[in-house]
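Here is a short briefing to read alongside the model. Have the sequence and the 3D view open, and let's walk through the contacts together.

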Amino acid sequence: MHSSKNILEEAIKEHKIGNLQKAEILYRETILTQPNNSDIYYLLGTNLVQQKKYTDGIFFLEKYHQHKPDHVENLNTLGIALLKNNQYEKGVLKLKEALKM
């Protein structure tokens with residue numbers, strides 16, 4: 001049985017090499033064992049946006065934003081995901097927020 005730390009490391013490895021679906025599965029598994037690790041929400045959200053699963057990606061990026069509102073890369077990715085998901089006003093606001101940092 002792999003530890004949740006090992007699963008997260010494997011997820012990050014898979015994500016870096018572009019195996020997005022495998023990474024998604026591993027991130028979701030890790031969230032079950034580390035629900036208070038907000039960084040997983042950012043990693044999974046980013047992964048989902050890369051797969052063009054914008055609604056799900058937005059959910060996790062917004063969840064991460066609640067924990068770390070000053071994370072510029074998250075605001076940028078969230079803004080782009082909102083735009084791609086036809087939520088133009090919210091997307092522009094997030095991008096402007098990121099530019100102010």
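**Salt bridges**

Eight salt bridges are counted here, a salt bridge being a side-chain nitrogen of Lys or Arg within 4 Å of a carboxyl oxygen of Asp or Glu. Side chains of opposite charge can pair when their charged atoms come close. Please keep in mind that this is a predicted model, in which local features need pLDDT of at least 70 and side-chain atom pairs count only at pLDDT 80 or more, while totals for chains, interfaces and linings use all residues. Residues are numbered from 1 along each chain as its sequence is written, and side-chain values use heavy atoms, with hydrogens and water left out.

- Lys 53 and Glu 24 form a salt bridge whose closest N and O atoms are 2.8 Å apart. Helices here are DSSP runs (H or I, at least four residues), numbered from the N terminus.
- Glu 24 is buried at a relative accessible area of 10%, whereas Lys 53 is partly exposed at 31%. The cut-offs are under 20% relative accessible area for buried, over 50% for exposed and in between for partly exposed (1.4 Å probe, protein chains only).
- Glu 24 and Lys 53 also belong to a network of salt bridges that includes Arg 28 and Asp 56.
- Lys 90 and Glu 62 meet through their side chains in another salt bridge, at 3.4 Å from N to O. Lys 90 sits in helix 6 (residues 88–99) and Glu 62 in helix 4, so the pair ties together parts that are 28 residues apart in sequence.
- Both partners are partly exposed: Lys 90 has a relative accessible area of 40%, and Glu 62 has 27% relative accessibility.
- Within helix 1, Glu 9 and Lys 5 lie four residues apart, about one turn of the helix. Their side chains form a salt bridge of 3.9 Å, N to O. Glu 9 is partly exposed at 43%, and Lys 5 is exposed at 56%.

- Helix 3 has 13 residues and spans 19 Å from its first C-alpha to its last, close to the expected 18 Å. That expected span is 1.5 Å times one less than the number of residues.
- Ten of its 13 residues are buried, so helix 3 is largely enclosed by the rest of the structure. Among the buried residues are Ile 40, Leu 44, Gly 45 and Val 49.
- The buried residues of helix 3 pack against helix 1 (4–16), helix 2 (20–33), helix 4 and helix 5 (72–84).
- The largest nonpolar core has 21 residues, and Tyr 27, Ile 31, Leu 44 and Phe 60 have the most contacts inside it. Such a core is a set of buried Ala, Val, Leu, Ile, Met, Phe, Trp, Tyr and Cys residues joined through side-chain atoms within 4.5 Å.
- Helices 1, 2, 3, 4 and 5 each supply at least two residues of this core, and helix 3 gives the most, with six.
- Leaving out residues up to four places away in sequence, Leu 44 touches Glu 24, Tyr 27, Arg 28, Ile 31 and Phe 60, with contact taken as heavy atoms within 4.5 Å.
- Just after helix 3, Lys 52 takes a positive phi of about 65°.

- Is Asn 47 buried or exposed? At 0% relative accessibility, Asn 47 counts as buried.
- Its side chain reaches the backbone oxygen of Leu 20 at 3.1 Å.

**Aromatic pairs**

- The structure holds three aromatic pairs. Rings of Phe, Tyr and Trp (its six-membered ring) pair if their centres lie within 6.5 Å, with planes under 30 degrees apart counted as stacked, over 60 as edge-to-face and the rest as tilted.
- The rings of Tyr 42 and Tyr 64 have centres 5.2 Å apart and planes at 40°, so this pair is tilted.
- Phe 59 and Phe 60 have ring centres 4.9 Å apart and planes at 85°, so they are edge-to-face.
- Ring pairs link Tyr 41, Phe 59 and Phe 60 into a cluster.

Conventions
Polar contact = N/O pair within 3.5 Å; in protein donor to acceptor, adjacent residues only side chain to side chain.
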